[in-house]
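Hi,

Here is the structure I promised to pass on to you.

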Amino acid sequence: MTTPEPLAFPTDPAGWTAFATERPTAAVAVVADVDARLVAGTDLDAAARLELWNDAEIALLAATNESCLLSEAHPDAAVRAIAEEQVQRLEALSASRLLDRDLFQAMAAAPAAPDDAAATATATATATATATATADLDEQQQRLLAKVLQDFRRGGVDLPDAERERVRELTDRDTELSLTFSRNIRDGRREIRVAPEALAGLPQDFLDAHPVGDDGLVVLTTDYPDLMPVREYARDRATRTAIVAAYNDLAWPENDAVLAELLAVRAERADLLGYGDWADYETEPRMIGGGGKNGGRAIAEFLDRLDEASADAAQREYGILLARLQQDDPDATEVTIADLFYLLSTLRGERHDVDAQLVRSYFRFDRVLPGLLATTGRLLDVEYVPVDVATWHADVHSYDVVRAGVRLGRIHLDLHPRDGKYTHAACFGLAPGVAGRVLPEAVLLCNFARGLMTHDEVVTFFHEFGHLVHDILGGAQRFARFTGVATEWDFVEAPSQLLEEWAWDAGVLSGFTANADAEPIPADLVERMKVADGFGRALEVRRQLGHAQVSYHLHVDRPADLQAATEHWYDVTSPVKPLRGRHPYAGFGHLTGYGACYYTYQWSLVIARDLLSGFGGDLMNPDAAARYRREILEPGGSRDAADLVRAFLGRDYGFDAYREWLAGR
């Protein structure tokens, strides 16, 4: 089998406009040709139809990935705008295919039905297609066919004409609104100005990078390299509150009307498709939904279980935080989200002798990056070979992922903030890996400091890199549908959350950390960090639970007052209070991609905590690492997530490991 070549980006800045337009246009042409052949190919057997469908999926997925990346990362606003238009075009094409009755009949290998009998005929065809068309298909082909037919049903192919057309309109509008929502966040950076003395507690390198302006004030932005140190180190409560308040108003008021319409669009679409609400629609193909149409209730039940598991411990932790806050501010009556990270850091220092600024002094970006590569290379039996290739920005580091001299894929790391770039941290798929046809490629878009990093940033780096290697190692699939991280969406965070553990291992960290005297971080300090991290864990679960409640209830309840509803759910979920009158929903980027299902992070964490037991206490155990690669990462989405976990652990996953982690054990 030949090894496919990686994607080639333009070498001339002027070539990006053509790249952003011509490649999607070529993909659309491929899809049109495939669909015409499918509809006309009465002599094609089921296997041949699936191969053609795969051709179209490869073209569509590659073009959509490229356009999504450029819309979030290209430095030229004009290219970003073109890429957004192409995402809209490609998503509309994907949705329209699932509404095409002729295409459905071709994939179901059933005779076409007249329009007036379409709803009945497609339902009958769905029920009988597998039996009549899959007799000669192997397991992977049958899995693909079942997924495709499910997609058609969930896309609305069996609806009467008027409803089908309305679903088409709603689906296209969802894409448009989601792109607008994300753009407003990306372009919505805010600034505050504070007096120099308001930065007491910040490390000297931070102060040096933030000189006093002509007006006698220091400018701070809501970008992560400013936000995260200020909310953790600033002793002045007003400064912490000001920057968190600005962050909680990102993209407001721009996204207020956008989100309100997006929620309405999704509710109407779910209703037309026969679901009770958007949560029911989203959960059907996920682990929590179990293939049924009423999975939304399972979200509420899972969140209730998290509530029960964390409530008492969170109240105990909160009492300690409030007492510590009152040492600084005797008049304080509540701990807010602007106090949380500062108080946790302070108490960890006082109670466990963990000085967050001392910890930070060991993590220089230019050592963390090669250290992470060395650690994951050893764990996953790969080598990252730097490649000097053209990309969209000079900040990007590109590497071939190699094992035994064979290139498995390519990764691109775009790790620092800039104007117009995605403002959080995430992995973006680029080239959908297909064995012998497409080399898998993926991208990290992050916003890390260029100098010293907080340990939280290092943990985030390991987390996002977990997605990246999942995409590459799972990228040798037969069908694009199952490539990389294409597992059930509520499992996809588990491998990334598991990889965070390596950022807490003294042996791992000693290999790449160094302070100003070139000394690695002491093992006893790492152990104290781990103990200290147990304090506040229940409150962090409550914070995540608040995000999950907001994502779920905004979609299910569809409140008229988004601000009041969001504040209510944060208020009742955690003893740590939200800042009053703010609009964090406007900058809650996960509301587009994760929708009602932010519960995913804790659901995956339950699994990740149990996966950790498979390493037997030795994170670099070569046998466990090889089994993990083989059973969890390399299958991609070719098997159900529960089966992957069972193969690795030798049993079904459970809740006990998560409960013990929550208790600090």
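**Helix packing and cavities**

Helix α7 (residues 161–186) packs against helix α11 (residues 254–272) with the axes 9 Å apart and an angle of about 150° between them. Because of that angle, α7 is roughly antiparallel to α11. The two helices, α7 and α11, cross in a left-handed sense. In the contact of α7 with α11, the residues comprise 10 nonpolar, five polar and nine charged. Do keep in mind, for this and for what follows, that this is a predicted model.

The other pair I looked at is helix α2 (residues 46–73) with helix α6 (residues 139–155), whose axes come within 11 Å and cross at roughly 65°. That angle therefore makes α2 roughly perpendicular to α6. The crossing of α2 with α6 is left-handed. On the α2 side, the contact is made by Ala 47, Leu 50 and Trp 53, while α6 brings Gln 141, Leu 144, Leu 145, Val 148 and Phe 152 to it. By class, the contact of α2 with α6 has seven nonpolar residues, one polar and no charged.

Now to the cavities. How many cavities of 30 Å³ or more does a search of the whole structure find? There are three.

The largest cavity has a volume of about 70 Å³. Its lining consists of Leu 379, Leu 380, Gly 466, Val 469, Pro 495, Leu 498, Leu 499, Trp 502, Tyr 628 and Leu 633. Sorted by class, the lining of the largest cavity holds nine nonpolar residues, one polar residue and no charged residues.

The second largest cavity holds about 50 Å³ of space. The residues that line the second largest cavity are Ile 185, Arg 189, Thr 222, Asp 223, Tyr 224, Tyr 247, Leu 250, Thr 423 and His 424. By class, that lining divides into four nonpolar, three polar and two charged residues.

Best wishes

Definitions and conventions. Residues numbered from 1 in each chain as written. Predicted model: local features only at pLDDT ≥ 70, side-chain atom pairs only at ≥ 80, totals over all residues. Heavy atoms only, no water. 1 Å grid on protein atoms, 1.4 Å probe; cavity = no way out; pocket = protein on both sides within 12 Å on 5 of 7 lines; lining within 4 Å. Points joined across faces, edges and corners; volume = space filled by probe spheres on them. Nonpolar A, V, L, I, M, F, W, Y, C, P; charged D, E, K, R; others polar. Axes fitted to C-alpha atoms, helices over the stretch in contact; angles between N-to-C directions. Helix = DSSP H or I, 4+ residues; strand = E, 2+ residues; numbered from the N terminus. Parallel < 35°, antiparallel > 145°, perpendicular 65-115°, else oblique. Left-handed = near helix turned anticlockwise from the far one by under 90°. Contact = heavy atoms within 4.5 Å.
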